[in-house]
Amino acid sequence: MVQRHLKSLLNLTQKSVKLSDDSRDNLRLKLRQAGMKQSPETFIAQKIVYSLLMALLFITLYVVHQKTIMLGFAVGSSILMYFYPNRILSKNIKYANAMRKLELPDYLTPLAKLMSSFTPYQAVKECEKFTGPFLKPYVEQLMVDIDLEPGSIKPFQKFASQIGVPQAQLFVVAIQQAMTTDRQRSKVILEKQRVIMMRLREESYNELINKKPLVVNKYNTIMLFNMALIVLSMMVYVFFSLFSGF
């Protein structure tokens, strides 16, 4: 029952959220970079609803017990619940970027190999099976863009820009050179990129190992647990204060 009402409240709030085109596009990009499958409106609606619920809880306690501290907790908890998801989003983006950097060599290495024998679209399509979950949406968009602009380097430039990995930018430059030179020279250029990708794979593995990837892989759960722990601690403190005649 509570879950159904909460879902209805979220849907209603989502419909009332008004974002400018720039704000929506910016937030949509961040959510995509973080691998979070929700709309900008849903993200904002969740922040609003959860912060208002926390404020309502402590305001109710204030009305019942007439303790001024409740109003302070109402303000503090609502601010916490509104801005803490931004921190989660930021941490998710960092983790997803690290994972894309790790997955990129497994995709670009065979791509460099096939680019000398296939058309760009055929090579990209053939190598799709090598993409990891964090890189896959970008590769799917790359195929769409190549289909819309066959023979153009722009889809690859857009792909590298969105990935945000310097080696991807260099790979695009190499592809551009390979597309405008003879087959033999093209193979040499792409072979160099394959070696660079192998080096990037090793660097990425070492980087994730140093950052304790098993801990990072559970970041979402940990961040949510920390947020819940803060709120619960606040509530425990309030109730102890009430019963001790604070």
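Trainee: In which helix is Arg100 placed?

Mentor: Arg100 lies in helix H4, which covers residues 69-115. Please bear in mind throughout that this is a predicted model.

Trainee: What makes Arg100 a residue with no salt bridge?

Mentor: A salt bridge requires a side-chain nitrogen of Lys or Arg within 4 Å of a carboxyl oxygen of Asp or Glu. For Arg100, the nearest side chain of opposite charge is that of Glu103, 7.1 Å away. Arg100 therefore has no salt bridge, although Arg100 is buried.

Trainee: Which residues does Arg100 touch, not counting those up to four places away in sequence?

Mentor: They are Arg32, Gln33, Phe134, Leu135, Tyr138 and Ile163. Each of these counts as a contact because heavy atoms lie within 4.5 Å.

Trainee: Helix H4 also holds Asn86. Why is Asn86 called partly exposed?

Mentor: The relative accessible area of Asn86 is 31%. Buried means under 20% and exposed means over 50%. The value for Asn86 falls in between, so the term is partly exposed.

Trainee: How do you know that the side chains of Asn86 and Lys47 are joined by a polar contact?

Mentor: The distance is 2.9 Å, and the cut-off for such a pair of N or O atoms is 3.5 Å. The pair therefore meets the distance criterion.

Trainee: Leaving aside neighbours within four places in sequence, what else is in contact with Asn86 besides Lys47?

Mentor: Phe43 is also in contact with Asn86. These two residues are 43 apart in sequence, while their C-alpha atoms are 9.5 Å apart in space.

Trainee: Why does Asp147 count as exposed?

Mentor: Asp147 has a relative accessibility of 55%. Asp147 belongs to helix H6, residues 136-148. Pro120 is 27 residues from Asp147 in sequence, with a C-alpha to C-alpha distance of 9.8 Å.

Trainee: What share of the whole protein counts as buried?

Mentor: Of its 246 residues, 39% count as buried, each having a relative accessible area under 20%. The protein exposes about 14,700 Å², and carbon and sulfur atoms supply 61% of that area.

Trainee: How many helices and strands does the protein contain?

Mentor: There are 11 helices and zero strands. Among contacts between residues at least 6 apart in sequence, 65% join residues at least 24 apart.

Definitions and conventions. Residues are numbered from 1 along each chain as its sequence is written. This is a predicted model: local features need pLDDT of at least 70, side-chain atom pairs count only at pLDDT 80 or more; totals for chains, interfaces and linings use all residues. Side-chain values use heavy atoms; hydrogens and water are left out. Helices (H or I, at least four residues) and strands (E, at least two) are DSSP runs, numbered from the N terminus. Buried means under 20% relative accessible area, exposed over 50%, partly exposed in between (1.4 Å probe, protein chains only). Accessible areas come from the Shrake-Rupley method with a 1.4 Å probe; for residues, only the protein chains shown count as cover. Lys and Arg count as positive and Asp and Glu as negative; His and the chain ends are not counted. A polar contact is a pair of N or O atoms within 3.5 Å; within protein, one must be able to donate a hydrogen and the other to accept it, and residues adjacent in sequence count only if both atoms are side-chain atoms.
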